[in-house]
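Subject: Structure handover

Hello,

Here is the structure I promised you. Please open it next to this email and follow along.

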Amino acid sequence: MRALYWDGRELCFVPSFAAPTDESTALIKVHLAGICATDLQIFAGYMAFTGVPGHEFVGSVEQGPGELIGKRVVGEINFGCGECPACRRGLNRHCPNRRVMGILNAHGAFAEYVAVPCENLHLVPENIADEEAVFAEPLAASFEILTQIHPKPDDDVLVLGDGKLGNLCAQVLQLAGANVTAVGKHSDKLALLNNVGVRTLLLDKWQPHLFDIVVEATGSSSGFGLALSAVRPRGTLVLKSTIAANHQVSLAPIVINEVNVVGSRCGPFPEALAALAAKQIAVTPLIEKIYPLDDGLSAVTHARRAGVRKILLQPSDHGRSVH
Ligand SMILES: [Zn+2]
Ligand SMILES: [Zn+2]
């Protein structure tokens, strides 16, 4: 099969990569895969990953249990061991022995086929297009916030960052009834949020004041300090950015202001799929461009450009066999 491969130093296109053959997993033909900021962090050394990158995908099952064959699916990215205390509590995303699709010891979805444990798969409802379903993973990560904190209707919420994840977090918090303001550096990206009724402000026009809840989704190491400075005493700071570089900030304000700091990563797929099926979250305006897999290197170069929306990869030759 064709695949992109990251060897730890360089990303290359491999025309004849061995297709996955693990019997314990479902084999999925990838329809679309999304390039995310985490992938770009991986190409900067994050997680010291080598292999096929990619963890945002939608596809159809080619090999696996009979009831899944031919079905359209999306997949949770953490492959737990199934036996440790975390897995037994249903927290495979915190399994200490986990593999993570395209991030840690498991090949990902920037390929014609990806292998995923069946228990990680979720069926995609008919009325969700591939171009929407491919956002299930980052949207689930945004819904994770609502499993961790419970904003009240009059809570003032600030989302810092107008990238893909910031956009989805702002929409999810607005859906939950919070009073959301999104602050970012790009007026065209903020306009996407304006179009769905979220209040937005450009960072250089923003007069900092204090919010009940601040979500840091800037994807930059300078975002943490700014986010922390915008939380009211006894407020909540939610951290969504995963960054390869180390932070250099004083933690004193967290103690002095008794700030509740919440780290937030992967989240529940059923909530994300339900919101997509109900057309409650606008995701297709976030798509910048769809590249064929063979042009994957150009796609990654494009995704690296500042201010770019979501770049998708399309392994295009539907109908070809695995071998
Ligand atoms: Zn991602
Ligand atoms: Zn485990």
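Which spacing do the donors of the zinc ion (ligand 2) follow along the chain? They follow C-x2-C-x2-C-x7-C.

First, some ground rules. This is a predicted model, where local features need pLDDT of at least 70 and side-chain atom pairs count only at pLDDT 80 or more, while totals for chains, interfaces and linings use all residues. Residues are numbered from 1 along each chain as its sequence is written, chains are lettered from A and ligands numbered from 1 in the order in which they are written, and side-chain values use heavy atoms, with hydrogens and water left out.

The zinc site

Cys 81, Cys 84, Cys 87 and Cys 95 coordinate the zinc ion (ligand 2). Donors here are N, O and S atoms within 2.8 Å of the metal (3.2 Å for Na, K and Ca); water is not among the atoms, so sites may look incomplete. The angles among the four donor atoms run from 105 to 118°, and the site is tetrahedral.

Are Cys 81 and Cys 84 buried or partly exposed? Cys 81 is partly exposed, at 32% relative accessible area. Cys 84 is buried, at 10%. Buried means under 20% relative accessible area, exposed over 50%, and partly exposed in between (1.4 Å probe, protein chains only).

How many disulfides are there? The count is zero. A disulfide is a covalent bond between the sulfur atoms of two cysteines. The rule used here asks for a pair of cysteine sulfur atoms within 2.5 Å.

Two histidines

His 55 sits in the loop between helix H1 (37-42) and strand E4 (56-63). Helices (H or I, at least four residues) and strands (E, at least two) are DSSP runs, numbered from the N terminus. His 55 is buried, with a relative accessible area of 2%. Its side chain makes a polar contact of 3.5 Å with that of Asp 39. Such a contact is a pair of N or O atoms within 3.5 Å; within protein, one must be able to donate a hydrogen and the other to accept it, and residues adjacent in sequence count only if both atoms are side-chain atoms.

Leaving out residues up to four places away in sequence, His 55 also touches others, including Cys 36, Ile 77 and Glu 137. Contact means heavy atoms within 4.5 Å.

His 94 lies in the loop between helix H2 (85-88) and strand E7 (99-101). His 94 is partly exposed, at 46% relative accessibility. With the sequence limit of four places applied, His 94 touches Ala 86 and Arg 265.

Aromatic pairs

The whole structure holds two aromatic pairs. The ring centres of Tyr 5 and Phe 17 are 5.7 Å apart and the planes meet at 35°, so this pair is tilted. Rings of Phe, Tyr and Trp (its six-membered ring) pair if their centres lie within 6.5 Å; planes under 30 degrees apart count as stacked, over 60 as edge-to-face and the rest as tilted. Tyr 5 is partly exposed, at 24%. Phe 17 is buried, at 17%. Trp 6 and Phe 43 also form a tilted pair, with centres 5.0 Å apart and planes at 50°. Trp 6 is in strand E1, Phe 43 in the loop between H1 and E4, 37 residues apart. Both are buried.

Best wishes

Key. Four donors count as tetrahedral if all angles lie between 85 and 135 degrees; four count as square planar and six as octahedral if opposite donors are over 155 degrees apart and all others between 65 and 115; anything else is irregular.
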